[in-house]
4 protein chains.
Amino acid sequence: MGRIRFLTAGESHGPQLTVIIEGIPAGLALAAEEIDRWLARRQQGYGRGDRMAIERDRVEMVAGVRGGRTLGSPIALIIRNRDWPHWQEIMAPGPEARLEERVVTRPRPGHADLAGGMKYRHGDLRNVLERASARETAARVAAGAVARRLLEAVGVEILGHVRQIGPVRLAREPDLARIREAASSPVYCADAETEKAMMEAIDRAREAGDSLGGVFEIFALNVPPGLGSYAHWDRRLDGRLAQALMSIPGIKGVESGLGFAAAASPGSAVHDALHWDAGRG
Amino acid sequence: MGRIRFLTAGESHGPQLTVIIEGIPAGLALAAEEIDRWLARRQQGYGRGDRMAIERDRVEMVAGVRGGRTLGSPIALIIRNRDWPHWQEIMAPGPEARLEERVVTRPRPGHADLAGGMKYRHGDLRNVLERASARETAARVAAGAVARRLLEAVGVEILGHVRQIGPVRLAREPDLARIREAASSPVYCADAETEKAMMEAIDRAREAGDSLGGVFEIFALNVPPGLGSYAHWDRRLDGRLAQALMSIPGIKGVESGLGFAAAASPGSAVHDALHWDAGRG
Amino acid sequence: MGRIRFLTAGESHGPQLTVIIEGIPAGLALAAEEIDRWLARRQQGYGRGDRMAIERDRVEMVAGVRGGRTLGSPIALIIRNRDWPHWQEIMAPGPEARLEERVVTRPRPGHADLAGGMKYRHGDLRNVLERASARETAARVAAGAVARRLLEAVGVEILGHVRQIGPVRLAREPDLARIREAASSPVYCADAETEKAMMEAIDRAREAGDSLGGVFEIFALNVPPGLGSYAHWDRRLDGRLAQALMSIPGIKGVESGLGFAAAASPGSAVHDALHWDAGRG
Amino acid sequence: MGRIRFLTAGESHGPQLTVIIEGIPAGLALAAEEIDRWLARRQQGYGRGDRMAIERDRVEMVAGVRGGRTLGSPIALIIRNRDWPHWQEIMAPGPEARLEERVVTRPRPGHADLAGGMKYRHGDLRNVLERASARETAARVAAGAVARRLLEAVGVEILGHVRQIGPVRLAREPDLARIREAASSPVYCADAETEKAMMEAIDRAREAGDSLGGVFEIFALNVPPGLGSYAHWDRRLDGRLAQALMSIPGIKGVESGLGFAAAASPGSAVHDALHWDAGRG
């Protein structure tokens, strides 16, 4: 097997998102329904707005998969935009597009609008925000679902849960069994009491017309030793994971292992923690 | 502008070919009709079989282009397979695919069938030949049409003509004006007499149930000096062009400049030829 | 200009570290002394051990630079190991190496020893730790010094300072003028009072045979808008910076902008902070 | 094992050539003497000039190899320029370089001089030709010797011989046993009679102050089926080999299998030839 690469394409209000994944080995069982489950999970979430409700993403596998198994050739995935009929005239690829409508000229702080408009010389910032949009992550979720199938096939389990929403943090450290159950929590929280407080915090923010950030944690279990390599900086796994995470719009921090907490601890305590960690794993 | 990369996906009898091109600058005029002209040219050709007649490829631009101009975001192109209804049941991505039909178990010499079947452990060699197919070059033609638009925008002209078909070679060296006209020849030949002999050779081969190879020549005019670089082997333009050409199924040789003829000439003659070449350019 | 790539090589006790940087434009003023200043800064630091004192790194530019300016061809940099005579017999590339000496068989927690030994089937973990060593960062500092020269040439200023060492955090937020002066602090701290507390904390840890972590902050000023791109996930600047930072051994967390603090704040406050940030810049 | 990448650096009259190879697996037996044999073979050759006699290249392995085996970490190779003392003042990296000496202002046809001078804005074309030099291929030979060791370790045998020098072509098709013996011919020719004619042709050209081109052929035997892939154009082995070969200065043509001869043959004959080829392999 060589390395895996993928490209995504698609504007937020364009006809579809497209992903091509090259390098997935042949013979891997892969079903559209499985990818759809992750797309659905991306769209769920306590307090989500209406746009998400409209979308109801479904993937179509248009290359690289036959009879439920990968062929070894590039996999192409499509997620159609169900709202396309409302945008078709505005976003059309041809010269008939109504470019004078839905024009955006005021860049939003904290977004790619201003820098993107300057880089690509777009007077209409819609041409930036259509791509620099959270919608693009649906394509990455689809690609990630394929990667996840590959990891599952070699025994790796990936778990995630939410540790913090706004000011509300996990009241106690959950065990793996509870973390596995977090998938059924409306806020992906592994602790019932904290979950309730998180939902209340979201309710309050929404009533105030505001929104909240948060912190999530991901575990990969049964990872074969030796993934990545110390041999060259750009093969180090933690660096590559940090890039993948930090490239998600809105992500402002990434920690690995003890994270920033390690800074405040003496080296001896970090050493002990690592022993404990190895013991737990 | 950074470097340009692209991925293609799609099986010969699958629902569609898909291309994503990443790195094309924003603001480039790009029309589907223009890409279609190149797709049509790929399908033309004196002596072509019926499969080609069926296809009549049309591109759809589903990302990266709005109102006739590129956005700077990845461009996604789709070429649908008009024959898909006849293959849908056999090539379906899901478990309902009728894998027991149209099975191929006999590898063809000179094709990827045997090596591909071994590499990806495909018992049904259809799973190889669906991707290791000349059909895939339609996706590359579409990507190439986009690249060509970019080159045209900076003044580069690319010309091609056919020098040889089977045993018939160009009777005389055509000038650039004639080479520009070769596009309207049924065999892309820049010389009327040779064209006639080429067509007769094709007729004879077809009557005998045989086929013919050939040699074509490509010119790029007004190329800005300094494309590529001597600074590192993998940035050399002739090497990259050789890879692109040799990766086309059926291509068995690539020459640059004087090509293999230079081997038989003394260095002094090569030197003179280069002077002449610089003078002609 | 194309993209820049670089490879580093060298074991901690090998004869030298080697770096090749490909893609730096021609005509850039570059002096070994300038790289040496960054190598020296890497080796300084309040509380550093003796190994560092021995090294006194100096760079030699053995390719790509002539007469004080880059040539456009790959740049090769060498940092010799002054301790090599003591290690020559043990680390020799040839069969005469005394492999039975200085053998390491006990993997250290939190290091690459165990995974590296398994991945590359090294019985002697010295073969891992010689490369998975902080020494390798000297090669990256040399490469970074070249990159910094390129950034300076286009007006970018890069500043860094230390915000926390062990439990001691910056007592007050310093302004840019003070941050520029942090380079002359023994602990790179921009606040005199905090600096004193940091040095005391280091003294105490050292007396207890312990060590301390910390947090540093980097600013890049006058960055041209449009570096990186929202167009594809792997071109996003914050993701690439996160990879580069997280790949440094010992780095356990990376934040961009408001970082993890944004998680606890309502979206409206983040919005205000971004306005303020734009105003400050 | 991941993919292998390498960078080379070094000017023709600089202090040394440097190569870093990243991705070679650990545990591979590798000796400097073995690489030296290939460097020597590169420098041999009937009719070679004096410059080659001076060089007598020797490799030093300064990273990635210990006790005669690769470590899995990047391999750094150095080939010193024995002529460096004569060039040190002219080619020095620092400002003391005597840039006013050995200046080249007249670009040679067929070389990178003119395009390189324009691309990198070099008034002194020495700054181009020092890198765009056949000398650089010594670094590639060293890297190739390492790759060859890896291939040998999996049973692949690589053979080469010269088919043509100037107007003299192989009088008869040699068998593999003779091709294996070509390594001991002064002109790497597998046929004694042709060898004699080739040497005479070289003698005549040299007397006339001229030089000759040629054609060589490479075989790779026992290649595991499935190297490369039809799945994506840039993974096809013949394309990658074509790039590697065409990037060697002076190479003007690359053929694979039947090469250009296939153009003149009917498809049925090509088909038969492939059967015969498979039978011979």
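I take a residue as buried when its relative accessible area is under 20%, and with that cut-off I read chain A of this predicted model, where buried residues make up 48% of the 281 residues.

**Entry 1, chain A overall.** I looked up the secondary structure of chain A and found eleven helices and ten strands, with C-alpha atoms that fill a box of roughly 65 × 50 × 35 Å along the principal axes. For the contacts of chain A with a separation of 6 or more, I noted that 57% join residues 24 or more positions apart. The accessible surface of the chain comes to about 13,400 Å², and carbon and sulfur atoms hold 54% of that area. I also checked the charges of chain A, 38 positive and 36 negative, and their mean positions are 3 Å apart.

I went through residues 136–153, which form α6 with 18 residues, and the computed reach from first C-alpha to last is 27 Å, close to the 26 Å expected at 1.5 Å a residue. Which residues of α6(A) are buried? I list A:E136, A:T137, A:A138, A:A139, A:R140, A:A142, A:A143, A:A145, A:V146, A:R148, A:R149 and A:L150. For orientation I recalled that an α-helix has 3.6 residues a turn, so residues three or four places apart point the same way. Just after α6(A), A:G155 takes a positive phi of about 95°.

I then turned to residues 32–43 of chain D, where α1 has twelve residues and reaches 16 Å from its first C-alpha to its last, close to the expected 16 Å. The buried residues of α1(D) are D:A32, D:E34, D:I35, D:D36, D:L39, D:R42 and D:Q43, and just after this helix D:G45 has a positive phi of about 125°.

Where does B:G14 lie? I placed B:G14 in the loop between β1 (5–9) and β2 (16–22) of chain B, and with a relative accessible area of 3% it is buried, because the cut-off is under 20%. Not counting residues up to four places away in sequence, B:G14 touches B:N81, B:W84 and B:E130. I also looked at B:M91, which is 77 residues from B:G14 in sequence and 6.2 Å from it in space, C-alpha to C-alpha.

I checked A:Y188, whose phi is near 55°, a positive value in a residue other than glycine, and whose place is the loop between α7 (176–181) and α8 (192–207) of chain A. A:Y188 is buried, with a relative accessible area of 14%. In chain B, B:Y188 likewise has a positive phi of about 55° although it is not a glycine, lies in the loop between α7 (176–181) and α8 (192–207), and counts as buried at 13% relative accessibility.

I laid chain C on chain D, which takes a turn of 180° and a shift of 0.0 Å along the axis, with an RMSD of 0.0 Å. That is the relation of a two-fold axis, and the same surface serves both copies, as 100% of the contact residues of chain C recur in chain D. Chain C can also be laid on chain A by a turn of 180° and a shift of 0.0 Å along the axis, with an RMSD of 0.0 Å, and here too 100% of the contact residues of chain C recur, in chain A.

Definitions and conventions. Residues numbered from 1 in each chain as written. Chains lettered and ligands numbered in written order. Predicted model: local features only at pLDDT ≥ 70, side-chain atom pairs only at ≥ 80, totals over all residues. Heavy atoms only, no water. Helix = DSSP H or I, 4+ residues; strand = E, 2+ residues; numbered from the N terminus. Buried < 20%, exposed > 50% of the residue type's maximum accessible area, 1.4 Å probe, protein only. Contact = heavy atoms within 4.5 Å. Areas by Shrake-Rupley, 256 points an atom, 1.4 Å probe, with all protein chains shown as cover. Lys, Arg positive; Asp, Glu negative; His and termini not counted. Charge placed at Lys NZ, Arg CZ, Asp CG, Glu CD. Expected span 1.5 Å × (residues − 1). Least-squares fit on C-alpha atoms with pLDDT ≥ 70 in both.
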